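Dear colleague,

I am passing on the structure below, together with some notes on what came out of going through it. Please read them with the coordinates open beside you.

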Amino acid sequence: MSRLKKFLATFTSKNTIKTYRFALKTYFEYIYDVGVELEEASERYFKEIRNYEEDITGFFASIKERPPTTVRMMLSRVKIFLSENDVELPDKFWRKLRGRRKGSRALTQDKVPSNIEFRKILTHLPIQGKALALTLGSSGMRIGEALELKLNDIELESEPMRINIPGGITKTGNPRVAFVSSEAKEVIQEWIKVREQYLEAASGKSHKYGKSKVDDRLFPFEETTAYVMWHNALNKAGMQERDNSTNRHKMHIHTLRKFFRSKAATLIPVDIVEALMGHEGYLTEVYRKHGVE
């Protein structure tokens, strides 16, 4: 097994693995050439005599015009991978590099949908998209977490409907509990009724990637499919406003986490809201104060 495969095998979150592959692919394409095979490059790199500080500095210069959050993520992923391969650069070097970054926030000016806007968007989503959007908007889950949920992770009979999020799919690696609204529950129930038909039809259409009819996820599709459904709904609802600097939709699907936070924080303590969203710093305090089971 290659060093890259061994490294990625230590992670269970598909989204985490995807960000590592993206960052490392971009790094090695800078070092060698666009189109380089990732595993081959990762083996070759550590067999060569390299000036690692020079490599990282040049890589940073090549990506510094990207959104600050993307730059931060990419540098972090590369740093950890190098460290796992016994390349330890001085903290002074990394501090100096961080000081050269422009800003620290995402460039896109997000717009959180109002209740009326969210309702309008929902009318243009297919049943699976509507079920996903309502799950995100009423639970505060990350989209990567929602798309990795198994059918047996949800408790349809509970009131409110409970979702047991396994640690293997969370950003922190720790399991947690989430809940969804009664409306989300109703739509999820309707979605489950036609889910097998969806899988049957999707597997018949998917010739290039060979999608299987067997998929035990609640939402058996990928993030790209979710984005397409959401963007189509935005366009049909006349809410396709884009950020001038990034050309990204202001009301993108990730704003549903902010939608949840803004609504939930008016009804329950903020520390519980943050814990339900999976923000690690609040979890211990919530368990101590509120005794979450």
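**Helix 7 against helix 11**

The axes of helix 7 and helix 11 come within 8 Å of each other and cross at roughly 110 degrees, which means that helix 7 is roughly perpendicular to helix 11. Please keep in mind throughout that this is a predicted model. The crossing of these two helices is right-handed, and the residues that make the contact are Phe118, Lys120 and Ile121 on the side of helix 7, with Trp230, Ala233, Leu234 and Ala237 on the side of helix 11. Sorted by class, the contact of helix 7 with helix 11 comprises 6 nonpolar residues, no polar ones and 1 charged residue.

Leaving aside residues up to four places away in sequence, Ile121 touches Trp230, Ala233, Leu234, Ala237, Met239 and Met251.

**Helix 2 and its crossing with helix 3**

The axes of helix 2 and helix 3, the latter spanning residues 38-45, come within 10 Å and cross at roughly 65 degrees, and here the crossing is left-handed. On the helix 2 side, Arg21, Leu24, Lys25, Tyr27, Phe28 and Ile31 meet Leu38, Ala41, Ser42 and Tyr45 of helix 3, and by class the residues of this contact divide into 7 nonpolar, 1 polar and 2 charged. Helix 2, which covers residues 14-31, also holds Thr16; Thr16 counts as buried because its relative accessibility is 17%, and, with residues up to four places away in sequence not counted, Thr16 touches Phe11 and Arg77.

**Backbone points to look at**

Most residues other than glycine have a negative phi, and most peptide bonds are trans. Glu159 and Pro160 are joined by a cis peptide bond, with omega about 0 degrees, and Pro160 lies in the loop between strand 1 (154-155) and strand 2. Asp86, which is not a glycine, has a positive phi, near 65 degrees; Asp86 is found in the loop between helix 5 (68-84) and helix 6 (91-98), and with a relative accessible area of 72% Asp86 is exposed.

A further position concerns Ala202, which lies in helix 10 and is buried, its relative accessible area being 15%. The C-alpha atoms of Ala202 and Phe221 are separated by 9.2 Å, although these residues are 19 residues apart along the chain.

**The chain as a whole**

The protein chain has 14 helices and 3 strands, and of its 293 residues 44% count as buried. Among the contacts in the chain with a separation of 6 or more, 62% are accounted for by residues 24 or more positions apart.

Methods
Residues numbered from 1 in each chain as written. Predicted model: local features only at pLDDT ≥ 70, side-chain atom pairs only at ≥ 80, totals over all residues. Heavy atoms only, no water. Contact = heavy atoms within 4.5 Å. Helix = DSSP H or I, 4+ residues; strand = E, 2+ residues; numbered from the N terminus. Buried < 20%, exposed > 50% of the residue type's maximum accessible area, 1.4 Å probe, protein only. Axes fitted to C-alpha atoms, helices over the stretch in contact; angles between N-to-C directions. Parallel < 35°, antiparallel > 145°, perpendicular 65-115°, else oblique. Left-handed = near helix turned anticlockwise from the far one by under 90°. Nonpolar A, V, L, I, M, F, W, Y, C, P; charged D, E, K, R; others polar.
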